[in-house]
Amino acid sequence: MTVEEVKLLIAQGEGYNLEFKRSLPSKASELAEEICAFANAAGGTLLIGIDDKGFIHGISIDNNHRSRLQNILNCIEPKVDIVSEEINIDGKTILSLRCPSGKERPYTVSGSIIVRNGPNSEKITSVQRMRDFFQHSDRIFFDEGTCKQFKYPEDFDKKFFKEFMSVAGISEVLDEEIILSNLQLKAGNGHFKNGTVLFFGNDPQRFYPQSITRCLLFKGTNKTYILDDKIFTGNLLQQYNGALAYLRQKLNLNYIIEGTGPRKEVLEIPEDIFKECLLNALAHRDYYEKGAVTHVEIFDDRIDITNPGGLVHSISKEEFGTKSLSRNPLIFGLFLRMNMVEKIGSGINRMKEGMSQANLPEPYFGLDGFFTARFFRPVDFDKWIASIKDKLSDKQYYILQRLNNFPDSTIKIIAEVLGTSTRTVERHITVLKRFGLLERIGSDKDGYYQIHKISL
């Protein structure tokens, strides 16, 4: 690698396939884990002598360091072949370690599988989860697979690629072929990866018809009456922008006037929440599933954003919201380079916080088979329940009031407060369900009752 190539890599900043280290870590396992993570993903480059802000410090390397480096590589099983180079930049020595994508995955360090997730490396320690995660290694990383039908440059959107480089801060000084290789977009033998097709293809749907986003507007709270139906195609960014524009068009706007300035238009549900959710849907969906697409569905009382694929095997339901692992780490890394993803693994909490700050109910997340994020639209409960009060019994009216104020109330608690039996409460809840006013979300143990604010 030339000095110019290294400088351009440094200018790109850390990402899915690029890691900086200020110095050789004191713990051999730390360096081994970074290399192992690259081998388990798309490959990558580790530059030692660079801090995380891209400042060149340089390191001193002697035969002891070289011997130690070899010992570090021996910690990885099976063996990983890397290209090691010592490069002098402005009188400072940089150590470059280039690791290809491994062909004998999974690779381990001290019995643990290390995987790449955006710009970070994460450890998977459970034996069962290791087995599940790598049971079908090629299936897990759809975006790392090869699309042999894709032709370069005919099928490649060079205009958008230049826009991407500008946003990502990647210089155009180097030949485009080198940049494509540095970004790990090529699969070898002249072919390109599936993730490249989805992100930079002129017409990704020609290769993967399932890679679309469908937006629907319904009348009421079920799927009986469709008012509008639109399909967004093109690359993933085009689908993201199209779906976001659809939500802006169909949802209500609030107007805020501060001081003497112009009025500010604010969606009824904060737009940043939808940005986060749409990115998650497009980056983490299961593109192997040919019978399902990404859906954005707007009802009178809620918005559902759904994509094929629940939680990946390596993340338990208990860890949901605290850990993140993409089915498509290459795609996720490309969104990250465009500064469209803020923090790894914190998106769920940001969506929850955004709803809370807008004084809206906490979103619901369905995790089995399909991943569903449900956001409840603002409806004035007092006005709504007053409009249907004459059609409810006193107990039914109270049950709705109670569940609106305390969504996690159990039938037993409601019965105690009402001074009646649980059987009586269950009977009234059955009637409310029949009216379409109540729906049980989730299991009896962990779920809750969702109120549908419809007319009777």
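Q: Which way do β12 and β16 run, and how many bridges join them?
A: In this predicted model, strand β12 (residues 213–219) and β16 run parallel and are joined by 5 bridges.

Q: How does β16 run relative to β17?
A: Strand β17 (residues 302–308) runs antiparallel to β16, with 4 bridges between them. V296 has I305 as its bridge partner in β17, and a hairpin of 3 residues connects β16 to β17.

Q: Changing topic: which residues does a cis peptide bond join, with omega of about -10°?
A: That bond joins E77 and P78. P78 sits in the loop between β3 (76–77) and β4 (83–89).

Q: And where omega is about 10°?
A: There the cis peptide bond links Y152 and P153. P153 belongs to the loop between β9 (146–147) and α6 (158–168).

Q: What is the phi of D90?
A: D90 is not a glycine, yet its phi is positive, about 50°. D90 lies in the loop between β4 and β5 (92–100).

Q: Is D90 buried or exposed?
A: D90 is exposed, at a relative accessible area of 64%.

Q: What about the phi of Q184?
A: Q184, also not a glycine, has a positive phi of about 60°. Q184 is located in the loop between α7 (176–182) and β10 (186–188).

Q: Does Q184 count as buried or exposed?
A: Q184 counts as buried because its relative accessibility is 17%, and the cut-off for buried is under 20%.

Terms used. Residues numbered from 1 in each chain as written. Predicted model: local features only at pLDDT ≥ 70, side-chain atom pairs only at ≥ 80, totals over all residues. Heavy atoms only, no water. Pairing = 2+ DSSP bridges. Helix = DSSP H or I, 4+ residues; strand = E, 2+ residues; numbered from the N terminus. Buried < 20%, exposed > 50% of the residue type's maximum accessible area, 1.4 Å probe, protein only.
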